[in-house]
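These are my notebook entries on what I looked up in one structure. I set them down in the order in which I worked.

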Amino acid sequence: MKLTAGLLGCALLAPALAGCGSPTSGEPEAVVIRVQGMPPATDKPGLDQFRKMVAEFERSNPGIKVQGSTTVFDPLTFSAKLAGGRVEDVIKVPLTEPQGLIARRQVQPLTKELSGWAHYKEFNPQVLRPLSDTAGEVYGVPQAPFAQGLVYNRDLFAKAGLDPDRPPKTWDEVRAAAKAISAKTGKAGFVHESKNNQGGWQLTMLAYTHGGEIQREEGGRHVAAFNSDPVKKALGLLKEMRWTDDSMGDAQLNDQNDVIKRFAAGEIGMYMGTPGTYRLAKMTYGMEDTDAFGIGPLPQAGGNATLTGGDVYLVPKSAPADKVAAAVKWLLFAYAEPQYDPAAAASRAKELAADPKSAVGVPTLPMFDAGQQAKIDEAVLPYVNVKLEHFRPWLEGTPSLTLRPEPAVQAQQVYAVLDTVVQAVLTNRAASVDDLLAKAETDVNAKLAAARQ
Amino acid sequence: MSAGRTWTARARVAVPLPAVGAAPTAGKRRLGRNALTALLFLVPALVVFGVFSWWPILRGLLISFQETNLVDPATWVGLANFRALFADPLLGTAIGNTLLFVGLALLIGFPAPLVLAVVLATVRRGAGVYRFLVYLPVVVPPVVAILLWKWFYDPGHGLFNGLLGLVGLGPYPWLDSPGTAMVSLVLQSTWAGMGGAVLIYLAAIVGVPSELYEAAQMDGASIWTRVWHITLPQLRPVIGLLLLMQLISTMQVFTEPYVFTGGGPENATLTVLLLIFRYAFQDGAYGQAAALSFLLAIVLGLLSAVYLRATRSWSAS
């Protein structure tokens, strides 16, 4: 009872006394920032390294304390945490989300704080674009920027009589390879995602490779641009693969997790994804035969383009100014410097490589310029524990492609509409691509017209 | 939030509670003290309800007339959220799908536990084992059960197509076709939720006076006649209650379409609650989500009023 009363008293008086048991006056109060991005306990090498990083950061920034959180951005809990003022000061978000968060003004512009860093101007502009608004304000720091590619199972390629070192470069070649894989191995040759907005997201990349657009600007406003020949061709390809070739497997309602899980189990020949999905396949879904993981550039059919991907770190609008400054310092220290400074990159790679369960050396896009990236690559080379040659087709093929961002306005809402188009093509043999796109165009234009642009 | 789980949970509402603090002969002072004591006992419940139910309900109602990003001060937008809601072509789809789920659940899910309970009531040997087996799915966490059934439904390697293939049927697309996806959801939901309703029916069947059966038997009534003319009429109040509870809970179907299909294929399993979820958590349109929740709450409120009335009149009879 006494304890309860004490605690109650402490709770009631806390605002007045600035916390029971806090340091006495005279000592400057440390700024405590809560940051997402701490690896879970299952990723021991990553977690150990994170803790070391925090200790090192706190040593060189005595006024700042960092509390790691294993939580990552989850749309389910984010809103509630934001409303309750409980969201972390740094959030880790997949690249599909920043534009929505920026549009809803739920995250802070960081350009002013970031530009204090000596190498800010050297950031690869393509990498910052998906994190910026139309006025050019930058809202975050990427962790590992990627470009979408074609992930494939090298074993299934070999079994189907295909060359694992030469992944398909065009969609015609993908179609032929998928047909061979499903005919010779009985597995799904190629899988396209279709639910939880990821059908629309993947259709966007497929459209880009065919020279198509999802949105275009007309008189200062964005309108739907996907009811066009390139997108019809892209959907026609899916239709042929699904119904004529029967090379896309049986279950068609998949999101990225379903696909990577099945790929890790050796059930899928090819899917569109980033090199970063290697980590998911190995560390989340326990892919044993990681040597079978191969990735090439995103195949093309006249578009010569790909979509960006990966995770980024943002600062929610709820964080006060002192925490924002501290958060940016942390972001630069934890995610930007190791991609700029070869010595920092090498020391982190060395720590991670001590555990065989880690994935060290998964290639990314250059966060700065190609010259700087080459220095980083060279520095970490001794510690790389992934089969780098299996990523080589992606590394060599991607630079010649244009990196394109996600649709500028209401991408998630547009993806939701396009999900139904992809689902119809994949589950209904009689679906008419023309009708589906015409209806989707009307729906999307209604959403875009209602949106604040 | 499996339908059946809610049925059993809500069934407790129907149990009449003993009157607390009823002391009609006590003096005024005594009554005052009693009332104060009763109030003190009520405080924790009132606080919990206030903080976790009434305040969020009120907040939701306010948000339905606002535009907010949950950080900056909200702006009042009048009926704009409701207008946006009615302009969304998916609203009609979602309402239609929800009614389809409710209807199919009524058709498939409602008679199933009743039939099973009547059959189980006649079983003498190993009755406990059968009851345990029937109730078992209720114990399985809903998402786990759904993931299990997802594999059952897999068009290529799934259990159902495998079994049906043995007798030359199929393969069927199950979740992958707009025509069969909703039925597949209802089948799983019925399996998962039936246990609770079966137990309630069984308890009610036990309460039917055995003389009625004995008299009927002496008159030469067959089993079917006895079920039709004795069991079912005696169970009428319970059947009515469970029907209402099922209506209320199936209108809020969410977990099944969310985990099984994400609302697909082609929005064939997009329900009202899933649409609310999409507005709030995918689009960040909190106002629109709150507006639709408000409308759903009105419908559920009406159904609950019917339920309360029915409970009162049935327990009186």
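**Entry 1. The model and chain A as a whole**

I note at the outset that this is a predicted model. I began with chain A and looked up its secondary structure, which comprises 18 helices and 14 strands. Next I took the extent of the C-alpha trace of chain A, which spans about 75 × 55 × 50 Å along its principal axes.

I then asked how the radius of gyration of chain A stands against that of a compact globule. For 453 residues the compact globule would have a value near 22 Å, and chain A has 24 Å, so the two agree. Of the 453 residues of chain A, 49% count as buried. I also looked at contacts between residues with a separation of 6 or more in chain A, and 79% of these join residues 24 or more positions apart.

**Entry 2. A sheet in chain A**

I followed one open sheet of chain A, in which four strands are arranged in the order β7-β10-β6-β11 with mixed pairing. Which strands lie at the edges? They are β7 (188-191) and β11 (293-297) of chain A, each of which pairs on one side only. Ignoring direction, I found that neighbouring strands of this sheet are turned by 20 degrees against each other on average.

For one pair I looked up the details. Strand β6 (residues 149-153) and strand β10 (residues 268-273) of chain A run antiparallel and are joined by four bridges. In this pair Gly149(A) has Gly273(A) in β10(A) as its bridge partner. Helix α8 (residues 171-185) of chain A packs on the sheet and touches β7 and β10 of chain A. The direction of helix α8 of chain A makes about 140 degrees with that of β7(A).

**Entry 3. Val414(A)**

I selected Val414(A), which is found in helix α17 (residues 411-427) of chain A. Is Val414(A) buried or exposed? I count Val414(A) as buried because it has 28 C-beta neighbours inside 10 Å, and the cut-off for a buried residue is 20 or more.

Leaving out residues up to four places away in sequence, I found that Val414(A) touches Gly200(A), Ile214(A), Pro407(A) and Val444(A). I also looked up a pair of residues 366 apart along the chain, Val414(A) and Asp48(A), and their C-alpha atoms are separated by 40 Å.

**Entry 4. Backbone details**

Most residues other than glycine have a negative phi, and most peptide bonds are trans.

Asn196(A) has a positive phi, near 55 degrees, and is not a glycine. The residue lies in the loop between β7 and α9 (198-209) of chain A. Asn196(A) is buried, because 24 other C-beta atoms lie within 10 Å.

Asp246(A) also has a positive phi, near 55 degrees, in a residue other than glycine. Its place is the loop between α10 (229-244) and α11 (256-264) of chain A. How many C-beta neighbours does Asp246(A) have inside 10 Å? There are 15, so Asp246(A) counts as partly exposed.

In chain B I looked up the peptide bond from Gly264(B) to Pro265(B), which is cis, with omega near -15 degrees. Pro265(B) lies in the loop between α12 (255-260) and α13 of chain B.

**Entry 5. Chain B**

The secondary structure of chain B comes to 14 helices and two strands. Of its 317 residues, 33% count as buried. Among contacts in chain B between residues at least 6 apart in sequence, I found that 70% join residues at least 24 apart.

I then consulted the unreviewed UniProt entry. It annotates residues 35-55, 99-120, 132-152, 182-207, 227-245 and 286-308 of chain B as "transmembrane region". I looked up two of these spans in the model. Residues 35-55 of chain B are 100% helix, and their end C-alpha atoms lie 25 Å apart. Residues 227-245 of chain B are 100% helix as well, with end C-alpha atoms 23 Å apart.

The unreviewed entry also places "domain: ABC transmembrane type-1" at residues 95-307 of chain B. Over that stretch the chain is 76% helix and 0% strand, and the end C-alpha atoms are 22 Å apart.

**Entry 6. Where the chains meet**

Finally I examined the contact between the chains, which takes 26 residues from chain B and 31 residues from chain A. On the side of chain B, helix α13 (residues 272-282) gives the largest share, four residues. By class, I recorded eleven nonpolar, nine polar and six charged residues on the side of chain B that touches chain A.

Note on methods:
Residues are numbered from 1 along each chain as its sequence is written. Chains are lettered from A and ligands numbered from 1 in the order in which they are written. This is a predicted model: local features need pLDDT of at least 70, side-chain atom pairs count only at pLDDT 80 or more; totals for chains, interfaces and linings use all residues. UniProt positions are given in the numbering used here, feature names are shortened, and annotations may be inferred rather than shown by experiment. A residue is buried if 20 or more other C-beta atoms lie within 10 Å of its own, exposed if 12 or fewer, and partly exposed in between; C-beta atoms are placed from the backbone. Two residues are in contact if their C-beta atoms, placed from the backbone, lie within 7 Å. Two strands pair if DSSP finds at least two bridges between them. Axes are lines fitted to C-alpha atoms, for helices over the stretch in contact, and angles run from 0 to 180 degrees between N-to-C directions. Ala, Val, Leu, Ile, Met, Phe, Trp, Tyr, Cys and Pro count as nonpolar, Asp, Glu, Lys and Arg as charged, and the others, Gly among them, as polar. The radius of gyration is taken over C-alpha atoms; the globule rule is 2.2 Å times the number of residues to the power 0.38.
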